[in-house]
Amino acid sequence: MIFSVYIINKAGGLIYQKDFNEGLAKLTSNEYLVLAGTFHSVHAITSKISPVRNVTSTGLEVLEADTFKLCCYQTLTGTKFLIIADPNHPNIDNVLHRAYDIYSDYVMKNPFYAPEMPIRSELFDLNLAKLIKSVGG
Amino acid sequence: MSQNTRLSMTSSLHDTRYARRTSVVERNLNKTRSAEVGLSAFAFLFSEMLQYTQKRVQGIQDLERKLNDFGYRVGTRFLELITWREKNNRREISVLDILYFIHTTVWKALFGKQADSLEKSTENNDEYMISDNEPIISKFISVPKDLASLNCGAFLAGIVEAILDGSQFPARVTSHTLPIEGYPLRTTILIKLDAEVLLREEQIK
Amino acid sequence: MIDENISSTSPPPSISHLMSHHSTTSQLTNTSMLSDSRLVNIDEEAKLVYGVVFSLRNFVRKLSGSQDGFISYRTSQYKLHYYETPTGLKFIINTDPNVESLRPALRQIYVNFYVEYVVKNPLSPVEHPGGDGVNNEYFRAAVDKFIKSLAVFDS
């Protein structure tokens, strides 16, 4: 089961947040913004505190908690896609990549979208919902 | 000075890199199969066109008119090309033939598929409609609520208008979103032929 | 603060941190040879690790509502396992990304070594101001031995 999808722009601002299933606490939009900001900085630090020498580590990719797991995919352009799902959900990476596909089609190719700004796009909502449904919600 | 250096740099780049490749003007006009344009490339270009236009107009109608103009410029050029490619200089003289030509041949050349329907208006004798269930040009476009009445198909209407004009069937062409079940983006191009066209049609019958 | 550096061949990176409820790191034990060319020095790292763990723990609390939700995170290169005692002590161990959860091991360190050698030691301070750390021979040796005995240590 997939709980929610977040998209964070390269400056750490939350530009998309949607819940698909009940299971997590409901927060105010301001709290979501703060969470996204927190995640953004934590993500940067986690790559810095890697104990492995001579290899650059990515930032946080998977966060495990008792009631959910959070998977993060950072694109080469710095945008972060986050999916929060139940801990046993398989193959989230694939879903993240497909969400990125949908984003590049229905957000970036939409003439009414201003880059780095919150996403309000009917077709994006529609196709993302379709994707989430196809992987079992 | 710096301009000069830049110019010479580009030209040398041009010499070494692109000289041996056939340029677009040297390519055979008839070659269509491998001359398709990537949908993404088109979508980004069209998106920029829309953004450019949007900054320079007042109101939705103005925007649609501009898009129509853009389409018109494409249409006149495209008619030239497609006549050469597809028709062996044959010329359509009846309304139905030219509309059918647009519905099938033109659509296929532009979008890789035929339009989904060609209808005659039951109310007005001079009106025809060509509909596309999933218009490629607005495939990635979500129109925001404050512009809800905007129809990006105006570009398409411009193309159709130019083709009709160029074939001596002057008409006023507009585009409308008329969703039907399963096809929320279905776009109908409404063609209102000039009176003289109908008159001529009567005479040659 | 102890920074122990023991050579061993092909180890998975493993550093264990132990933190009190203040932002001071009480003990850092480094059981691998990877420490000498780190991106940041160990003091600096301790602060960053504390910040990350603290933020993530609050992040998880906010989302799931549970007190003890944060288990671990991983990047392409390492995995950080987390265990927090009811008293607010935080135990952390870093491994390579494919290791299963080491939460039970961290709990064992708390129960068998921290409580035994630190809490029950009358000479050990209750708080650790100024980052003095758990400067305790027994504890250090026991943790060191324990981590090396873990099945994942040289797998």
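In strand 2 of chain B, the residue B:I130 is the bridge partner of B:L118, strands here being DSSP runs of E with at least two residues and helices DSSP runs of H or I with at least four, both numbered from the N terminus. The structure is a predicted model, in which local features need pLDDT of at least 70 and side-chain atom pairs count only at pLDDT 80 or more, while totals for chains, interfaces and linings use all residues. Residues are numbered from 1 along each chain as its sequence is written, and chains are lettered from A and ligands numbered from 1 in the order in which they are written.

Strand 1 of chain B and strand 2 (residues 127-132) of chain B are paired in the antiparallel sense over 4 bridges, where pairing requires that DSSP finds at least two bridges between two strands. In chain B, an open sheet of 4 strands has the order 1-2-4-3, with antiparallel pairing. Strand 1 (117-120) and strand 3 (171-177) of chain B each have a single partner strand and stand at the edges, so one side of each is left without a neighbour in the sheet. On average, and with direction ignored, neighbouring strands of this sheet are turned by 20° against each other. Helix 5 (residues 154-166) of chain B lies across strand 3 and strand 4 (187-193) of chain B, and runs at about 155° to strand 3 of chain B; for such angles, axes are lines fitted to C-alpha atoms, for helices over the stretch in contact, and the values run from 0 to 180 degrees between N-to-C directions.

Chain A contains 3 helices and 5 strands, and from the N terminus on its elements run β-β-α-β-β-β-α-α. Of the 137 residues of chain A, 41% count as buried, a residue being buried if 20 or more other C-beta atoms, placed from the backbone, lie within 10 Å of its own, exposed if 12 or fewer do, and partly exposed in between. Along the principal axes, the C-alpha atoms of chain A fill a box of roughly 45 × 30 × 30 Å.

The contact of chain A with chain C takes 30 residues from chain A and 32 residues from chain C, two residues being in contact if their C-beta atoms, placed from the backbone, lie within 7 Å. Helix 1 (29-48) and strand 3 (62-65) of chain A are the elements that give two or more residues to the side of chain A that touches chain C, and helix 1 of chain A gives the most, with 8 residues. This side of chain A divides into 16 nonpolar, 9 polar and 5 charged residues, where Ala, Val, Leu, Ile, Met, Phe, Trp, Tyr, Cys and Pro count as nonpolar, Asp, Glu, Lys and Arg as charged, and the others, Gly among them, as polar. Strand 3 of chain A pairs in the antiparallel sense with strand 3 (residues 70-74) of chain C over 4 bridges, and A:L63 stands opposite C:Y73 in strand 3 of chain C.

Helix 1 of chain A also packs with helix 1 (residues 42-64) of chain C, at an angle of about 145° and with the axes 10 Å apart. The residues that make this contact include A:L35, A:F39 and A:V42 of helix 1 of chain A and C:L48, C:V52 and C:F59 of helix 1 of chain C. By class, the contact of the two helices has 8 nonpolar, 4 polar and 2 charged residues.
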